[in-house]
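Please find below a colleague's note on the structure under review. The points are numbered, and each may be read alongside the displayed chain.

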Amino acid sequence: MIPGMSLATFTIVHTAISLIGIVSGLVVVYGMLSGKRLEKWTTLFLLTTVLTSVTGYLFPFEHLLPSHIVGAISLVVLSVALLARHSFHLAGGWRRTYVLTSVTALYLNVFVLVVQSFLKAPALHALAPTGKEPPFAVAQLIVLAVFIWLAIAAVKRFREEPKRAMGQAA
């Protein structure tokens with residue numbers, strides 16, 4: 001359950017963590033597209049994205065929900081991203097693995113953001129009250145297409161930093 005918080009307060013905290021994860025993830029992907037390792041942003045992204053998935057399990061529930069499945073997938077993907085980054089230091093194919101898993105984790109957070117937007121925002125909910133209507137499908141397809149493009153571009157641009165010769169300035 002939610003220790004020491006009302007459900008409303010916990011929902012706000014969970015949502016804030018999720019939004020921080022999304023914004024920091026977008027900054028991290030921008031860094032990948034620029035060929036830069038943004039260490040502090042990456043730490044914030046990975047931490048808040050893990051926390052988003054973990055705190056999602058603290059909401060009261062009676063049976064397994066789609067959000068639990070997305071959370072489990074996200075945690076597996078994030079585990080691989082963390083291994084690639086911290087255990088394998090982005091060496092060789094682990095750099096590509098890290099990029100793909102990081103972008104996938106961000107996509108899953110944005111996927112949930114779109115779902116929640118259609119559930120909670122009255123104008124969007126009116127367009128797709130059950131989540132099975134074309135406006136919802138189109139929105140999710142656009143998000144998926146954007147993230148596929150981002151993943152491909154990030155893999156191409158986030159290359160290993162060139163090794164410096166001894167005595168060469170940084």
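1. Setting aside residues up to four places away in sequence, T49 touches G21, S74, L78, A105 and N109. T49 belongs to helix α2. Its relative accessible area is 0%, and T49 is therefore buried, the limit being under 20%. As with everything that follows, these contacts come from a predicted model.

2. The overall make-up of the chain may be stated briefly. The chain contains six helices and zero strands, and from the N terminus on its elements run α-α-α-α-α-α. Along the principal axes, the C-alpha atoms fill a box of roughly 60 × 40 × 25 Å. Of the 170 residues in the chain, 34% are buried. Among contacts with a separation of 6 or more, 69% are between residues 24 or more positions apart.

3. The largest nonpolar core comprises 33 residues, of which M32, Y98, V99, V103, L106, V110 and F147 touch the most other members. Two or more residues are given to this core by each of α1 (7-33), α2 (39-56), α3 (66-87), α4 and α6. The greatest contribution to this core is that of α4, with 10 residues.

4. Which residues does F147 contact, leaving aside its neighbours within four places in sequence? They are V103, L106, Y107 and V110. F147 is also joined with Y107 and F111 in a cluster linked by ring pairs.

5. Aromatic pairs number six in the structure. In one of them, the ring centres of F118 and F136 are 5.3 Å apart and the planes stand at 90°; the pair is edge-to-face because this angle is over 60 degrees. The pair links distant parts of the chain, with F118 in helix α4 (residues 93-120) and F136 in helix α6 (residues 134-157), 18 residues apart. Both partners fall under the 20% limit for a buried residue: F118 has a relative accessibility of 7%, and F136 has one of 14%.

6. A charged side chain also lies over an aromatic ring. R95 is placed over the face of F158, at a distance of 4.8 Å from the ring centre.

7. How many cavities of 30 Å³ or more does the structure hold? There is one, and the volume of the largest cavity is about 40 Å³. Its lining consists of V28, G31, M32, K36, R37, L38, T42, R85, Y98 and F158. With three residues, α1 gives the most to this lining. M32 and Y98, which line the cavity, are also among the core members that touch the most others.

8. The open space is a separate matter. The largest pocket holds about 950 Å³ of space. It is lined by 35 residues, and those closest to its centre are H14, S67, V112, V115 and Q116. The elements that give two or more residues to the pocket lining are α1, α2, α3 and α4. Which element supplies the largest share of that lining? It is α4, with 11 residues.

Technical notes:
Residues numbered from 1 in each chain as written. Predicted model: local features only at pLDDT ≥ 70, side-chain atom pairs only at ≥ 80, totals over all residues. Heavy atoms only, no water. Phe/Tyr/Trp six-rings, centres within 6.5 Å; stacked < 30°, edge-to-face > 60°. Helix = DSSP H or I, 4+ residues; strand = E, 2+ residues; numbered from the N terminus. Buried < 20%, exposed > 50% of the residue type's maximum accessible area, 1.4 Å probe, protein only. Lys NZ or Arg CZ within 6 Å of the ring centre and 35° of its normal. Core = buried A, V, L, I, M, F, W, Y, C linked by side-chain atoms within 4.5 Å. Contact = heavy atoms within 4.5 Å. 1 Å grid on protein atoms, 1.4 Å probe; cavity = no way out; pocket = protein on both sides within 12 Å on 5 of 7 lines; lining within 4 Å. Points joined across faces, edges and corners; volume = space filled by probe spheres on them.
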